[in-house]
Amino acid sequence: MSASKKGDLSPSEKELFEVITAGNVQEASRLLGCKDVRVNCLDEYGMTPLMHAAYKGKADMCKLLLQHGADVNCNEHEHGYTALMFAGLSGKTEITWMMLDAGAETDVVNSVGRTAAQMAAFVGQHDCVTVINNFFSRARLDYYTKPQGLEKEPKLPPKLSGPLHKVIMSTNLNPVKMVMLVKENPLLAEVEALDKCRRVMDLICEKCIKQQDMNEVLAMKMHYISCVLGKCASFLKDREDKLEGLLKSLLKGRDTDGFPVYQEKFIRECIRKFPYCDATLLQQLVRSIAPVEIGNDPTALSVLTQAITGQVGFMDAEFCTTCGEKGAEKRCSICKMAIYCDQACQKMHWFTHKKICKKLQEQREKQEAETAKLRMQQSKEESKAVQEATDSIQELSVETDSEAAPSNSEAETSDPVTIQAADN
Ligand SMILES: [Zn+2]
Ligand SMILES: [Zn+2]
């Protein structure tokens, strides 16, 4: 069939747009099998079926359309919106992922010069921004698993590509989590493998800086991962307790308030060691972190996380005290202040948390007592206000009653005491 012109739709294509809106995957699947249906047909605004499905947040429909060869980078929309932009606007991270995984370009801009990440940020879909900014396709990494030029061996052994990609794709930059990811994979948790991965990270970092449209965010992330992997390698080489020891160092809190000083210093050092001094992002990070005394907010981790993933603050969800994963729900039963993903995270943290757990408990109880006192006062004041309001309403209704009462008999029936007396 011919290439699609805007709004030039066959009856079946018109029907396809309708069933996408209704979310009827089965019917869409049938229509896509018809010979007068083009998967990349355009409606009057230049929107493809995939754009519609992405915008409406229908993941199954997007999957189906991609399976039928929908062009994820079609750019005929009247304002230059792409399917990835619509996915970001929908706020559905799963769909945003799907588009990226299908090869969506991230640096295309719409008619007012905004990228998909910028558009998603503009409408407050920060989870989608995170997904877009942190995307690094497996194919880009796999490039290093093939010998290039005169190389006899590839820079990255193919078996390491999968585990390394998992580390790269993590949106949780807490070094504890990254070390856990290394530790859980025996292929990766080995000095020689880590050194190879580091070199690849450094190369990608350099490429991100030197390519035409510089990507400082990704460069910083690659550099940071390289630093964490380097730290893992040094602990594996020199220490008896190996990665276990590194995790302990990263988690160990200082005596006064449990603040993990080693972790803070490590992240600050990683940032400082970024090899491209002119980078704007580096200067921004240093400016935000340098004046902060260790132990105060913002932490280096929160500043770095915000710069790389676009996540603003840690306010809208519960994060694991140990590994920083989002959605932690289990609380320490004593202090109820520390939150964990699971028992494993709690166990790992206990050696240091036990020193301040009691103190936290006391702090919480004191605060709760104060809140309760405050609430008592508030409710007293409120009930006083309610009483006053009720009084004035009663005054009002007394006045109305006397005005509205045309005769004695009617006035009597409206009086409950009189009715009761009549019943008896
Ligand atoms: Zn955790
Ligand atoms: Zn506790």
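Q: Which residues of helix H14 are buried?
A: In helix H14 (residues 242–251), those are Leu-246, Leu-247, Leu-250 and Leu-251. Buried means 20 or more other C-beta atoms within 10 Å of the residue's own, exposed means 12 or fewer, and partly exposed is in between, with C-beta atoms placed from the backbone. Seen down the axis of H14, they fall within an arc of 125°, so they line one face of the helix. That arc is taken over the directions from the helix axis to the C-beta atoms.

Q: Before we go on, what sort of model is this?
A: It's a predicted model, where local features need pLDDT of at least 70 and side-chain atom pairs count only at pLDDT 80 or more, while totals for chains, interfaces and linings use all residues. Residues are numbered from 1 along each chain as its sequence is written, and chains are lettered from A and ligands numbered from 1 in the order written.

Q: OK, what covers the buried residues of H14?
A: The cover includes helix H11 (175–183), helix H13 (216–238), helix H15 (261–272) and helix H18 (343–353). Contact here means C-beta atoms, placed from the backbone, within 7 Å.

Q: How many helices and strands are in the protein chain?
A: There are 21 helices and two strands. Both are DSSP runs numbered from the N terminus: helices are H or I with at least four residues, strands are E with at least two. Of the 424 residues, 35% count as buried.

Q: Which residues have the most contacts inside the largest nonpolar core?
A: Val-179, Cys-232 and Leu-304, in a core of 57 residues. A nonpolar core is a set of buried Ala, Val, Leu, Ile, Met, Phe, Trp, Tyr and Cys residues joined through C-beta atoms within 7 Å. H13 gives the most to this core, with twelve residues.

Q: What does Val-179 touch?
A: Leaving out residues up to four places away in sequence, Val-179 touches Val-228, Cys-232, Leu-243, Leu-246, Leu-247 and Leu-250. Apart from that core lies another, of 44 residues, with Ala-54, Tyr-81, Ala-116 and Ala-121 among them.

Q: Switching to packing: how do the axes of H15 and H17 cross?
A: They come within 9 Å and cross at roughly 45°. That makes H15 oblique to H17. For the cut-offs, under 35 degrees is roughly parallel, over 145 roughly antiparallel, 65 to 115 roughly perpendicular, and the rest oblique. The axes are lines fitted to C-alpha atoms, for helices over the stretch in contact, with angles from 0 to 180 degrees between N-to-C directions.

Q: Which residues meet there?
A: Glu-264, Ile-267, Arg-268 and Ile-271 in H15 meet Ala-300, Leu-301 and Leu-304 in H17.

Q: Where is the cis peptide bond?
A: It joins Asp-297 and Pro-298, with omega about -5°. Pro-298 is in the loop between H16 and H17.

Q: And what's the phi of Lys-242?
A: Positive, about 50°, although Lys-242 is not a glycine. Lys-242 is found in H14 and is partly exposed, with 15 other C-beta atoms within 10 Å. Lys-336 also has a positive phi, about 55°, and lies in the loop between strand E1 (330–331) and strand E2 (339–340).

Methods: Contact = placed C-beta atoms within 7 Å.
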